[in-house]
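Hi there,

Here is the structure I promised to pass on to you. Have a look at it first, and then read on for what turned up.

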Amino acid sequence: MNNDGITLNLREIRAAAGLSLSKAAEATGVSKAMLGQIERGESSPTIATLWKIAKGFHLPLTALLGEAARPVSEVTGVYETVQFPGSIGVKIVFPFDPLLGAETFQVTLKPGQSHQSQPHDTGVTEEVYVLQGSMEVLRDGAWVALEPGQGLRFAADQPHGYRSLETGASFLNMHHYRQAVLTQRD
Ligand code: MN
């Protein structure tokens with residue numbers, strides 16, 4: 001699926017947090033106009049915008065994926081990939097579990113694609129485990145090369161990124177949160 005309608009629950013999340021559009025804009029760094037457009041389904045947010053919203057509300061990303069966060073099958077727990085236009089594809093592998101403080105995605109990079117991520121909430125740690133293709137992870141300002149079967153753990157509350165070589169790549173991306181999100185309203 002594409003990313004149309006992935007933040008259907010943004011209005012609910014904002015209401016649960018008791019924030020006006022102005023306060024939500026202050027907390028997330030996303031403009032009031034843009035938040036309003038997303039809530040009304042008039043604009044499809046980029047992955048970068050979704051992460052800003054997650055950080056501002058101290059929520060895991062799966063809390064914002066709305067429709068996409070529902071499994072295709074209740075039995076196997078398989079989720080559809082959300083393809084962000086001109087950007088990465090993200091599939092939930094394990095949705096956020098407040099007891100574990102963790103969520104896992106499968107991320108797909110097109111050949112030669114580079115994706116930079118702004119710092120997540122304080123204390124967030126990420127792990128990348130390469131499934132397919134050659135890729136590099138930007139950690140502490142340097143690109144680290146990884147092959148399938150190799151993993152890397154890094155502090156994700158600072159700038160980081162992922163880029164594939166000509167093969168394209170697919171990797172598991174685990175996010176570990178500290179207590180900030182453990183109070184997630186559900
Ligand atoms: Mn990240």
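**Pockets, a cavity and a metal site**

Helix H4 gives the lining of the second largest pocket its largest share, five residues. Please keep in mind as you read that this is a predicted model.

To stay with that pocket for a moment: its space comes to about 180 Å³. The residues that line the second largest pocket are Thr28, Ile47, Ala48, Trp51, Lys52, Lys55, His115, Gln116, Ser117, Gln118, Pro119 and His120. Besides H4, strand E4 also supplies at least two of the lining residues. Sorted by class, this lining has six polar, four nonpolar and two charged residues.

The structure holds one cavity of 30 Å³ or more, and the volume of the largest cavity is about 110 Å³. It is lined by 14 residues, of which Trp51, Ile88, Tyr162, Asn173 and His175 are the closest to its centre. Helix H4 (47–57), strand E3 (102–109), strand E4 (114–117) and strand E10 (169–176) each contribute at least two residues to the cavity lining. Here the classes are eight nonpolar, five polar and one charged. Domain 1 (4–67) and domain 2 (78–176) each provide at least three residues of this lining.

Which residues coordinate the manganese ion? They are His120 through NE2, Glu126 through OE, His160 through NE2 and Tyr162 through OH, at 2.0 to 2.8 Å. Along the chain, these donors follow the spacing H-x5-E-x33-H-x1-Y.

Histidine 160 has a relative accessibility of 1%, so it counts as buried, the cut-off being under 20%. Tyrosine 162, at 4%, counts as buried too.

Tyr162, a manganese donor, is among the residues closest to the centre of the largest cavity.

Enjoy looking through it, and do write back with any questions.

Best wishes

Technical notes. Residues are numbered from 1 along each chain as its sequence is written. This is a predicted model: local features need pLDDT of at least 70, side-chain atom pairs count only at pLDDT 80 or more; totals for chains, interfaces and linings use all residues. Side-chain values use heavy atoms; hydrogens and water are left out. On a 1 Å grid over the protein atoms alone, a cavity is a set of points where a 1.4 Å probe fits but cannot get out, and a pocket is an open set with protein on both sides within 12 Å along at least five of seven lines; lining residues have an atom within 4 Å of a point. Grid points are joined across faces, edges and corners, and a volume is the space filled by probe spheres set on the points. Helices (H or I, at least four residues) and strands (E, at least two) are DSSP runs, numbered from the N terminus. Ala, Val, Leu, Ile, Met, Phe, Trp, Tyr, Cys and Pro count as nonpolar, Asp, Glu, Lys and Arg as charged, and the others, Gly among them, as polar. Domain bounds come from an automatic or database domain assignment. Donors are N, O and S atoms within 2.8 Å of the metal (3.2 Å for Na, K and Ca); water is not among the atoms, so sites may look incomplete. Buried means under 20% relative accessible area, exposed over 50%, partly exposed in between (1.4 Å probe, protein chains only).
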